[in-house]
Amino acid sequence: MMQFETDMEAGVIEFTVDGEVTRAEYDAGASEMEAVIARHGKLSAVAVIRSFAGMELAAWWKDISWGVGHLTKIGRVAVVTDIGWIIAASRATGWMAPGEQKIFTPEELDAARAWARGA
């Protein structure tokens, strides 16, 4: 399951992932990201990952193609999790990610939100 909240004024979208992400959930989030980009030219994100059981194949493909097409439109990405393999993967691939990326623990969620907003 993936849920999201958009702070259109700040240009930040916050995703919460808990389990498997479906294509429909990803499409809804991508639509919100497009709206933020249309208004601000870029977006920042807070990705709160409570658990991750994978993504539907169609969602993976959409994520890859969306990301490649929007490389210059991503500002800050705060990854909030205590899942070891996600932290390791984020650190290992962070240099390839567009924009800035920083990892936070769940206890640092407020700091992650402030950082994503540039505060």
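Reader: Experimental or predicted?

Author: This is a predicted model.

Reader: Helices, then. At what angle do α1 and α2 pack?

Author: About 20 degrees, with the axes 8 Å apart. Helix α1 covers residues 23-40 and helix α2 covers residues 57-69.

Reader: Are they roughly parallel or roughly antiparallel?

Author: Roughly parallel, because an angle under 35 degrees counts as such.

Reader: Is the crossing left-handed or right-handed?

Author: The α1 and α2 crossing is left-handed.

Reader: Which residues meet there?

Author: From α1, Arg 23, Tyr 26, Asp 27, Ala 30, Met 33, Glu 34 and Ile 37. They meet Ala 58, Ala 59, Lys 62, Asp 63 and Trp 66 of α2. By class, that contact has seven nonpolar and five charged residues, and no polar ones.

Reader: New topic. Where is Glu 14?

Author: Glu 14 is in strand β2, residues 12-21.

Reader: Buried or exposed?

Author: Buried: its relative accessibility is 16%, and the cut-off is under 20%.

Reader: What does the side chain of Glu 14 pair with?

Author: Glu 14 makes a side-chain to side-chain polar contact with Arg 113, at 2.8 Å.

Reader: And what else does Glu 14 touch, beyond four places in sequence?

Author: Besides Arg 113, Glu 14 touches Gln 3, Phe 4, Glu 5, Val 46, Val 48 and Leu 109.

Reader: How far is Glu 14 from Glu 34, C-alpha to C-alpha?

Author: The separation is 14 Å, and the two are 20 residues apart along the chain.

Reader: What about Thr 16, buried or exposed?

Author: Thr 16 is buried, at 13% relative accessibility. Thr 16 is also found in strand β2.

Reader: What does Thr 16 touch, leaving out residues up to four places away?

Author: Met 1, Met 2, Gln 3, Val 48 and Arg 50. Gln 3 and Val 48 are touched by Glu 14 too.

Reader: Last one, Thr 81. Where does it sit?

Author: Thr 81 is in the loop between β4 (74-80) and α3 (84-93). Thr 81 counts as buried, with 1% relative accessibility.

Reader: Which backbone atoms does the Thr 81 side chain reach?

Author: Two come up. One is the backbone oxygen of Ile 49, at 2.9 Å. Another is the backbone nitrogen of Ile 83, at 3.1 Å.

Reader: And which residues are in contact with Thr 81, neighbours within four places aside?

Author: Ile 49, Ile 86, Ile 87, Phe 104, Thr 105 and Pro 106.

Key
Residues are numbered from 1 along each chain as its sequence is written. This is a predicted model: local features need pLDDT of at least 70, side-chain atom pairs count only at pLDDT 80 or more; totals for chains, interfaces and linings use all residues. Side-chain values use heavy atoms; hydrogens and water are left out. Helices (H or I, at least four residues) and strands (E, at least two) are DSSP runs, numbered from the N terminus. Buried means under 20% relative accessible area, exposed over 50%, partly exposed in between (1.4 Å probe, protein chains only). Contact means heavy atoms within 4.5 Å. A polar contact is a pair of N or O atoms within 3.5 Å; within protein, one must be able to donate a hydrogen and the other to accept it, and residues adjacent in sequence count only if both atoms are side-chain atoms. Axes are lines fitted to C-alpha atoms, for helices over the stretch in contact, and angles run from 0 to 180 degrees between N-to-C directions. Angles under 35 degrees count as roughly parallel, over 145 as roughly antiparallel, 65 to 115 as roughly perpendicular and the rest as oblique. A crossing is left-handed if the near helix is turned anticlockwise from the far one by less than a right angle, and right-handed if clockwise. Ala, Val, Leu, Ile, Met, Phe, Trp, Tyr, Cys and Pro count as nonpolar, Asp, Glu, Lys and Arg as charged, and the others, Gly among them, as polar.
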